[in-house]
Amino acid sequence: MITAGIDLGAKTVKVVILKDEKVIGRGIAVTGLDQKESAEKAFAGALQEAKLELKDIEKVAATGVGRTEAPYATAHITEVGADAKGAFFLNPAVRTVIDVGGEEGRGIKCSAEGRALDFAINEKCAAGAGAFTEAMARALERPLVEFAKLALSSTKSIPMNAQCAVFAESEVVSLIHAKTPHEDISRAVHDSIADRIISMVRRVGIEKEVMLIGGVAYNVGFVNSLNRGLNLEVVVPDHPEYVGALGAALTAAGK
Amino acid sequence: MSEIKRYKTEPLKCWDKAKELRSKYYRDYAEAKSKGGLRWSGGAEAIDVIPYAFGEDVHALTAEPYAAAIAFDPEFAHKCEAALEAKGWARDMCAYMRNYWGSVLINKYAFGGEFPKPDFHLQSGFCCTHAKWFQVLSLWEDVPYFNIDIGQIPFWKEEHPNRLQYIVDQMHDSIEFIEKTTGRKCDDERLIEGVYNDSRTTSLWAKITELNQNTPAPLDEKTMYSLYVFTTLDRAKKEFMDFYEELYDETKDRVARGIAALATERFRLMSDSQPPWAFLRVWRYLEQFGVVSTGSIYTIGLEGVWDIDDNWNLTPREDLRSRGVVLKTREDALRAMADWHLRRPIYAMFYNADWKSKLMIQYAKQWHCDAAMLHLNRGCEGTSLGIMENRAALIKAGFPVLTYEGNMGDDRDFDEGRTVARIDTFMEGLGLKKLT
């Protein structure tokens, strides 16, 4: 059976095509003003990689904040449900999923069957999401990837007091003026976001294995801070930003 | 797919009467002066039987229900909030207080016309805001003000004669205050009658809400929000007491005939704190999943009076007449009223998160709830106090919990889209799909 999952997120649309429980295509596009058009673009990319045409897809399910706007979808699943399903599919030992995307951070407690038992969402403040690190990288005038790597060479912990992305940017500027090494600033930023995420995830309880998904899982500085804060090694799958779309594709397949 | 079970349902017969009584209450207050009467304003927790004893033409405007009515009308609420913020008041203060103050500042009554200035303020301060609320107003409006300090351990936890005396003494003083302010004399017979009425009204509300332990629930919480209000307007008023007698009979009849509030009831929730008044439609959204919200410690216990035993079992407290309490003097009446007031479950919310958790778990058991939906209410520090501890305790007791952020009085703190998304996620986790 060939199915597809669309994750229509706040910043990007991700599409996964699944054939007999094997991923054969992925596509991604920036979420523009026209969500449907963005989803179609991502879908076309996934079809191209899978060397398939739209008519070959038997069923499509959608997730993400814009899931009801997703084209082709006849089934829907919430982001939390899709994350749990996708993460469990990739690693059945996973009991906690941390999803950090562009504008939201989520903590999900999973059952031994891969069902979401409880969840916590940081939804009103960018301080626990990818947008926060992007803003801080801009303040340091560094590309995001470079900014993230800098944290790995820091040996000094500097607390950041600001709770808000805007004020945190001012705090970073103050640190720059105080001639604080950039690697220490980078670590401070990543420790700050990791602290917020950990505090949120503790509400649902942290049980191993812990999987980190979402686009921010590519941020090595954040992963480092998260591991240190949790005192464990989180599992980061390949293509962490596609796990929600994978969960949707599994839903379409009736899994 | 198995067929969905459907219960019989029908509208409440006394619904229109409830609406008329509420409208009359606000109209009576506005028109009191033109009819030679008196107006007073204070909190819903104020001991309203005291002004009641000064004549049937003394009309109340209790502040929290009035502020909730403002919140229900966001356009009006925004004007109130803007006026207050323009004067430099912070928006993280009590949302009810801000709405009420704003209404005074813009000099508009939510029910039409200019804001009707009271002759005096009477308040009972049991949270950090209550006393200040009317202190500020008394300065703005140049209106005399008397506050009765309540802050103490509730009697269902621990009775103590000195603590009772502390309140009774203040009640005596408040009578003197009203006599001096208005030139009227306290009618002790009317005071005694009002105390009996108050106890009957608040006992009846407890009994009405107890009936929601039945499946199907005869009342849904959105409807209960419109009905519980009389316990917060003027508990001593006979017409409100009589209305609850009627509502109690009707609710008992609904239970006897298996009449449901929600025809498709298949899952029972409890809530917490005041709701975001501008978004009560969220309760209707829940119904699409077959979910009925049965009530909460707030709904049943803000004014409903209960006996709470050592195991936290909740039983409606029989009213004073039914208990054989004979009131002959002013002292008898005040003492009985103070004792009665201290038995509200609501005090748990303000004073001890652990007590509140125990009451919530007990509620969930007695009302046969499957889960809880808790409002992280940015508009009320008191009812939100320890709410995350309550969440943890409920989860530990085996009840799934959904939390959402909002504000009872300020719709700017509530994100409807995200709240609905949270509900969808919660329902999905519980295995509940929309029925329609």
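Residues are numbered from 1 along each chain as its sequence is written, and chains are lettered from A, with ligands numbered from 1, in the order in which they are written. In this predicted model, local features need pLDDT of at least 70 and side-chain atom pairs count only at pLDDT 80 or more, whereas totals for chains, interfaces and linings use all residues.

Chain A holds 8 helices and 9 strands. Helices (H or I, at least four residues) and strands (E, at least two) are DSSP runs, numbered from the N terminus. The radius of gyration of chain A is 18 Å, close to the 18 Å of the globule rule for 255 residues, so chain A is as compact as a globular protein of that length. The radius is taken over C-alpha atoms, and the rule is 2.2 Å times the number of residues to the power 0.38. The C-alpha trace spans about 60 × 35 × 30 Å along its principal axes. Buried residues account for 52% of the 255 residues in chain A. A residue is buried if 20 or more other C-beta atoms lie within 10 Å of its own, exposed if 12 or fewer, and partly exposed in between, with C-beta atoms placed from the backbone. Of the contacts in chain A between residues at least 6 apart in sequence, 69% join residues at least 24 apart. Two residues are in contact if their C-beta atoms, placed from the backbone, lie within 7 Å.

An open sheet of 5 strands in chain A has the order β3-β2-β1-β4-β5, with mixed pairing. Its edge strands are β3 and β5 (75-76), each pairing on one side only. Two strands pair if DSSP finds at least two bridges between them. Strand β4 (residues 59-63) of chain A pairs with β5(A) in the parallel sense over 2 bridges. There, Ala62(A) stands opposite His76(A). Helix α1 (residues 35-50) of chain A lies across β1 (2-8), β2 (12-19) and β3, at about 145° to β3(A). Helix α8(A) packs on the sheet and touches β1, β2, β3, β4 and β5 of chain A; its direction makes about 140° with that of β1(A). Axes are lines fitted to C-alpha atoms, for helices over the stretch in contact, and angles run from 0 to 180 degrees between N-to-C directions.

Gly25(A) belongs to strand β3 (residues 22-30) of chain A. Gly25(A) is buried, with 22 other C-beta atoms within 10 Å. Leaving out residues up to four places away in sequence, Gly25(A) touches Ile17(A), Ala46(A), Leu47(A), Glu49(A), Ala50(A) and Leu52(A). Val15(A) lies 10 residues from Gly25(A) in sequence and 8.0 Å away in space, C-alpha to C-alpha.

Helix α8 (residues 243-252) of chain A also packs against helix α2 (residues 79-90) of chain A, at about 90° and with axes 7 Å apart. This makes α2(A) roughly perpendicular to α8(A). Angles under 35 degrees count as roughly parallel, over 145 as roughly antiparallel, 65 to 115 as roughly perpendicular and the rest as oblique. The contact of α2(A) with α8(A) has 9 nonpolar, 5 polar and 3 charged residues. Ala, Val, Leu, Ile, Met, Phe, Trp, Tyr, Cys and Pro count as nonpolar, Asp, Glu, Lys and Arg as charged, and the others, Gly among them, as polar.

Chain B has 19 helices and 12 strands. The C-alpha atoms fill a box of roughly 70 × 55 × 40 Å along the principal axes. Of the 436 residues of chain B, 53% are buried.

An open sheet of 4 strands in chain B runs β8-β7-β11-β12, with parallel pairing. Strands β8 (291-293) and β12 (401-406) stand at the edges with a single partner each, so one side of each has no neighbour in the sheet. Strands β7 (residues 267-272) and β11 (residues 371-377) of chain B pair over 4 bridges. Asp272(B) stands opposite Leu374(B) in β11(B). Helix α19(B) lies across β11 and β12 of chain B, at about 180° to β12(B).

Between the chains, 7 residues of chain B contact 10 residues of chain A. Helix α19 (residues 416-430) of chain B gives the most to the chain B side, with 6 residues. That side has no nonpolar, 2 polar and 5 charged residues.
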